[in-house]
Structures are given as structure tokens and as C-alpha cells.
Amino acid sequence: MRHFLCSVTMLCSLAVTAASAHAEMLFPEKDELTIGFIKLTDMAPLAIAKEMHFFEDEGLYVTLEAQANWKVLLDRVITGELDGAHMLAGQPLAATIGYGTEAHIVTPFSMDLNGNAITVSNAVWVQMKENIPAGPDGKSLHPISADALKPVVEAYKAEGKPFKMGMVFPVSTHNYELRYWLAAGGINPGYYSPGDISGQIQADALLSVTPPPQMPATMEAGTIDGYCVGEPWNQAAVFKGIGVPVVTDYDIWKNNPEKVFGLTEEFTQKYPQTTLGLTKALIRAAMWLDENNNANREEAVKILSRPEYVGADAEVIANSMTGTFEYEKGDTRLAADFNVFFRHYATYPYYSDAVWYLTQMRRWGQIAEPQQDGWYDEVARSVYLPDIYLEAARQLIDEGHATEADFPFDTDGYKPATNEFIDGVTYDGRHPNAYLESVPIGLKGEEIIDGNKIAGR
């Protein structure tokens, strides 16, 4: 019956839309779906695709289900309890290469750019602030590098105290962004090895996993001294008066990729029309979130604040979703691109984005053995599926929902080299090993972790 109703709905839609005369009809092989997410504002494309009926426009009846943590989310996608999910960009890559849970997870859709920040406790901020110059207005000059944190970490070490920071998952963007920021300031965030997956080998700062909604309370309790997380959990620390965000990931790596929509390879092969419909709906949601200079963000904030989605106060969510970001209490600054869902080709699954995550896995020892450049490209192509994305984009254009200019049809999947990182180091996804050689802290060349030491071969 659902398939019949779906077909009727789509036929009616085609009849009333002039541009849709050239559109392909989708007949989803599976039309009732359960999709997982974590309570973060960057799950927004899923909520909007549901609330604006973009899923239904594709004949899909979707239930969105919040998950306890990233591991549970991934495991439930693998077992088929979830048909797909809002995922950390590193999760499909790590699963596919067998780091942690092994399964071939793929993505046809990148969910957003930016959206994270690093927050420290009030006590740490007081010490850091001594090392940060002030501008003419008396406020701290941004972006703030980890150079300002290094004396604090050294003071902890001199007192025999560990300096502890939280991140959300070992293969999360947050882990790699926090590590990047620390290392750029001369603070070693530690290494992983096959025999020690703590990530704390040789570490100056001890990083550990904390679920996003628990970050503020964990820091307030003194268990961690700071954390890297997505919104609204940095702004929550400001509202609670317990911490200060010191840098956003936009300042660590301008317009960095964040989450992806993850599916098993088996799902995409068994249900290709369903996969295409999901991708189309998510692209439309991303466009809605960014259109007319973020004119829909206030409405999005109201939707996300509902308990079934993010469940945080609308005021807290709005603090970053509507183009500003608050650091110290009262220090609110413009941040138009703090959350990007469609601009800058945000939704296209670039191979070069996948390669960057793989370089960070290698840099910190999660990929224990050296790999040739071609290996990075091969893995990226096995996980990121731009062909599905572009087919979805073409159908949306034919239906009158988008234009050619909205999508990078002429890309080879690799962005141009960029040095828009906080340390100015140039990243070129076509040359991952040369990139690894250019960063001062981290494994490179033939180096491996042997026990608690770096060994060359």
C-alpha cells in the first residue's frame, strides 16, 4: 500500500511541476526507514528533510531516532537496525579499513562544514589569558593558538598533574581537530598503537572520549580541563558560566568537512533508488538551511530545540546557528560560516576530505603502517560516492529544485591545495605523504610506534 501511495504522490507532484516533465521517477525499493543521529545541531539536514517533507517527496517515510553514542550508532547501522545515520566523517573510513569495528560503510552525502569549537574551563582560561594579546577593544585577539595553552600544560606537568581534555570518539573530527590545534602549538596529543588504543603514548595532554551532551557537566565536575565538541555544547558552557570556547574549527581549518550521512555498501547496492531518494532529500534540506543568507535558520532553531531532536534551549542553539558565536560571556562575534550546510559545495563528498582524515589516522598511529599515496586515494574512492550525489543533483535540477551552478560537476573529487589552517601548513590531498612530512609532530615516512617510542624503519 505504501508503494502505491508513494507512486500516486509522486505522479501528482510531476503533474503540477512544469520542470518535472523531464524528471526521472523514483520507485524506492524500501520506503519505510529508520535513521539514527546524535543530538548535535549538525544533524539539522535530517530534521529539516523530515519536517519539510522532503523525504516524503521522494516516497520515503522516515523515522529519526536519537542514539546514545557514536559506537552504538555505527553498530546499529552495521546490523541493519538503522538504515543509515548522521556519522562522524571518520567513521565510514575507519570501519572500511578495519580500525575498530570493521564494515564497509559508505557516504554519498557530506552533511556540513565547520560547527565545532574547543572550550576550556574557567580556571584554565584565566591562565591562558595571560598569554593572549588583547585588541584595541580590550578583548582577546582571535584566533587563539595553542601556544597560549602550552605554558598551562607545562605548569600542570611540573606539578605532577595530568592535563585532560575530552573529545567525542577516537575517529571523530573533534579528536583530529583538537590534536591538530594542540600539535600546532607544540603540545603533543599522544599516539595510538595496535597494542595501546588509549591515544596517550608520549602525550603532553591526555585526550579521552566523552559523549557530547555530557561535556559541560564533565568539565564542571573537574574530570576534564577542556574539550572539543559540536554545538550546542560549547555555547552551553558559556550559558552555564563554566567555561570559555577559545577557538572554532573554522579557525583551525577554514571550511573543514564535518559529518557525513553513512550507509552500508550493501544497503546502497540493494536499495539504489532508496539511496538516491535519501540523497535528494538531504540536498534539498541543506539548500533550505542556507538559502537567502540563512533566512530559515530561526525556524530551524525552533525545530532543533524540540526534545526529539537536539533538545537544548533554542537560545543556546541560536547562538551559533544564526551567524554569531559567543566566547567569553558577552564577547559575541560574527561567525556567518560557523555552520554551513550547502554553501561552498558543502554537501559534495570530496575524496580530498576523506584523504585528510586518513592522514590524521596515520599521523597519530591509528593507521599503524606506512601507506603509499595510491592507497589513500583507493580508500577514499571506496567510501565516498560522488556519482550517487551527482545523479541526485541532476534529478533535482531537472525537477526545478536546483541549478547547475549549485553543484561542482567539473571536479575530479580533489579540492585545490590549501594552507588555510591555523599553522599555515599546506594540505594537498593528492600528496598525502608529502603533507605528513610537513607537520612537525606526528608519524611520517616509515615511522611506527614501537612500545612507547617512535621507531623508523
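A residue is called buried here when its relative accessible area is under 20%, exposed when that area is over 50%, and partly exposed in between, with a 1.4 Å probe and protein chains only as cover. By that criterion Pro232, at 1% relative accessibility, counts as buried. The structure is a predicted model, in which local features need pLDDT of at least 70 and side-chain atom pairs count only at pLDDT 80 or more, whereas totals for chains, interfaces and linings use all residues. Residues are numbered from 1 along each chain as its sequence is written, and side-chain values use heavy atoms, with hydrogens and water left out.

Taken as a whole, the protein has 19 helices and 18 strands, where helices (H or I, at least four residues) and strands (E, at least two) are DSSP runs numbered from the N terminus. Its radius of gyration is 22 Å, close to the 23 Å that the globule rule gives for 457 residues, so the protein is as compact as a globular protein of that length; the radius is taken over C-alpha atoms, and the rule is 2.2 Å times the number of residues to the power 0.38. Along the principal axes, the C-alpha atoms fill a box of roughly 70 × 50 × 35 Å. Buried residues account for 57% of the 457 residues, and of the contacts (heavy atoms within 4.5 Å) between residues at least 6 apart in sequence, 73% join residues at least 24 apart.

Pro232 itself sits in the loop between strand 11 (226-230) and helix 10 (233-240). Not counting residues up to four places away in sequence, Pro232 touches Thr41, Val310, Ala312, Val316 and Ile317.

Ser110, in strand 4 (residues 105-110), counts as buried because its relative accessibility is 4%. Beyond four places in sequence, Ser110 is in contact with Lys259, Val260, Ala346, Thr347 and Tyr348, and its C-alpha atom is separated by 6.7 Å from that of Ala346, which lies 236 residues away along the chain.

Helix 5 is followed by Gly98, with a positive phi near 85°.

In helix 7 (residues 150-158), the buried residues include Val152, Val153 and Tyr156. They cover an arc of only 100° around the axis, which puts them on the same side of helix 7, the arc being that of the directions from the helix axis to the C-beta atoms. An α-helix has 3.6 residues a turn, so residues three or four places apart point the same way. Helix 6 (122-129) is part of what covers the buried residues of helix 7, and just after helix 7 Gly160 takes a positive phi of about 75°.

Finally, Leu396 in helix 18 (residues 386-398) is buried, with a relative accessible area of 0%. Leaving aside neighbours within four places in sequence, Leu396 is in contact with Lys280, Ile283, Arg284, His401 and Ala402; the C-alpha atoms of Leu396 and Ile283, 113 residues apart along the chain, are separated by 8.8 Å.
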